[in-house]
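Colleague: I would like a close look at one part of this model, taken slowly and with the terms spelled out.

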Amino acid sequence: MRFDVIIIGGGRAGTEIGAALQKSGINCLIVAEGLSINPSKRTEFAACGGTLLPGDSVVGGGFDGAVLKNVRTENLVGTVLEADFFVLATGKFFSGGLASTMDGIYEPVFGCDVQYEPDREKWVNPDFYADQPFERFGVVTDDYGRVSVNGVTIDNLYAAGEILAGAVDIDGSAALVTTQIMRRK
Amino acid sequence: MQEKNANASNFEQCLKCSICTAVCPMMEANPHYPGPKQAGPDGERYRIKDPAFYDLTLKYCLNCKRCEVSCPSGVRIGDIIQSARLKYGRSSNPVRDYMLASTDLVGSLASPFAPVVNRVLGMKPVKAVMDGVMGVDSRRTFPAYSGRRFEQWFRSEAACRQLGFRRFISYFHGCYVNYNYPQLGKDLVKLVNACGYGVHLLDREKCCGVALISNGFGNQARKQAETNLKSFRTAVANGETVLTSSSTCTFTMRDEYSNVLGLDNSDVRDSLLLATKWLYDHIENGSIRIAFRKDYHKRIVYHTACHMNKLGWAIYTTSLLRMIPGVELKVIEQKCCGIAGTFGFKKENYPYSQKIGSELFEALRVANPEVVVTECETCKWQIEMSACLPVMNPISILAEAIDEKETIKLNIR
């Protein structure tokens, strides 16, 4: 099955990007795993002809060097979903965009490079109401919003929203990715 | 993530985010229902301690699984509720519930006398008695029984035609096709035959058991499931995929058999497919080719049934429908129609059923298509009755839209 853009994550960033691209005639699929806090944006996306896969999760991708060719999902067994561009917008720990082991933080879908504090002692601040360092952990991107895997930038895989490292600007990152994809499409 | 959990029903993964409560259709319509979070994972920890904590309002759960689709933590909320109902639930009207749940029994008794039964069931005094004595709401009409069962038609008119094929699929037709609406089964045979595959019926087929599960008859559901699994194993051993045309039967046999009834279906689960998924996969890999009629036109709205939403396979159906040149397709937002199988037939549930479905009926009326397409037979009854629009299974649409002769030519091997 082929789409122009496949967006992984149906939260705020994913649906913002999906709705904007779909409205300008770019055919999008959103694999809406994780928590949806803005169902109205999903409705808007679907109303302008976008395809939603609610409650499904991406289980892996097929790479050709530094290009992501396709993904597979849990429900659509045996079906390969291909696209020109992919967006990772799976959020942070609660929605499963990031996961942790005893000594590290990782991104479970593609193993994208993640920025985090190596000293586990410093992951949390004992003052519950203070800024928590783990909230700043996340996927690192280049100036154009693209992620890297083992230090190699993936040419057509972008990340946006909560999954990003540092102080996250959801709307800003969504706008960057939307413009980048529109420019290249 | 789930493997780490010691408890099989994984309720400990619930983080209390309450998103399931926000998407539960019953929660919105009925303030007496505590909602999926409380009825499922929250209640479970109490029930394990003492069954006296079982809450009778769990009977209001529609088993639509919208809670599971929305859960970010992978909690099988619906399964927890269904399992609790099977374990602790007591029916207030066991005779009626057994009649509604025993589709095979009632179907075999009714279908030889179909013209009489259909007329009698439609009479006002009969409806009043059923309403007063049995608790089946008089505003509901039972789907008409067919005088000739699908299995009888297949054996006498279609079985010999299947001898000419070299590749086969097995067809699980389900009760609705067999007793009420054989035309859907005939459409499937026409479509699959045109694609170059012969159709076999299973050695023995029983109702998938969904109505037994939801009405609390776990042991009988398990017995029927075992009969079906045995037949599936024979078919799969012969290299045949088992195809279905109903989303709810498919979902029940793939997921509820293992998650609610505790049966091991892992060896046949991947070979049990909705015909639309099977067909899409074969068209995609080029092994089946379809020619469509040039004079076919239809304005269609696709309604994603709740169990179809849970399966996640609506995309196959909509992709197939989009392949038909003369089809104008609109996919409307997933909403529950409210009937939930036998639930909506019960007098005490009727008002909730209609209240839940009202948003969908309104959306369908606004869209005003020639036909609504969905894989679920009970959604079909509900939409036909409440939104007054004709409803068809996608298999029937495809069977109608193909150029049969051309398609046969394209698939000769």
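Is the crossing of helix 12 of chain B and helix 21 of chain B left-handed or right-handed?

Modeller: This is a predicted model, in which local features need pLDDT of at least 70 and side-chain atom pairs count only at pLDDT 80 or more, while totals for chains, interfaces and linings use all residues. Residues are numbered from 1 along each chain as its sequence is written, and chains are lettered from A and ligands numbered from 1 in the order in which they are written.

The crossing of helix 12 of chain B and helix 21 of chain B is left-handed, a word used when the near helix is turned anticlockwise from the far one by less than a right angle, with right-handed for clockwise. Helices here are DSSP runs of H or I with at least four residues, strands are runs of E with at least two, and both are numbered from the N terminus. Helix 12 of chain B covers residues 182-194 and helix 21 of chain B covers residues 394-401, and their axes come within 9 Å and cross at roughly 50 degrees; such axes are lines fitted to C-alpha atoms over the stretch in contact, with angles running from 0 to 180 degrees between N-to-C directions. That angle makes helix 12 of chain B oblique to helix 21 of chain B, because angles under 35 degrees count as roughly parallel, over 145 as roughly antiparallel, 65 to 115 as roughly perpendicular and the rest as oblique.

Helix 12 of chain B brings Leu184(B), Asp187(B), Leu188(B), Lys190(B) and Leu191(B) to the contact, and helix 21 of chain B brings Ile395(B), Ser396(B), Leu398(B) and Ala399(B), where contact requires C-beta atoms, placed from the backbone, to lie within 7 Å.

Elsewhere in chain B, Leu389(B) sits in the loop between helix 20 (377-386) and strand 8 (391-392). Setting aside residues up to four places away in sequence, Leu389(B) touches Leu364(B), Pro369(B), Val372(B), Ile383(B) and Glu384(B). Cys337(B) is 52 residues from Leu389(B) in sequence and 13 Å from it in space, C-alpha to C-alpha.

Note on methods: Two residues are in contact if their C-beta atoms, placed from the backbone, lie within 7 Å.
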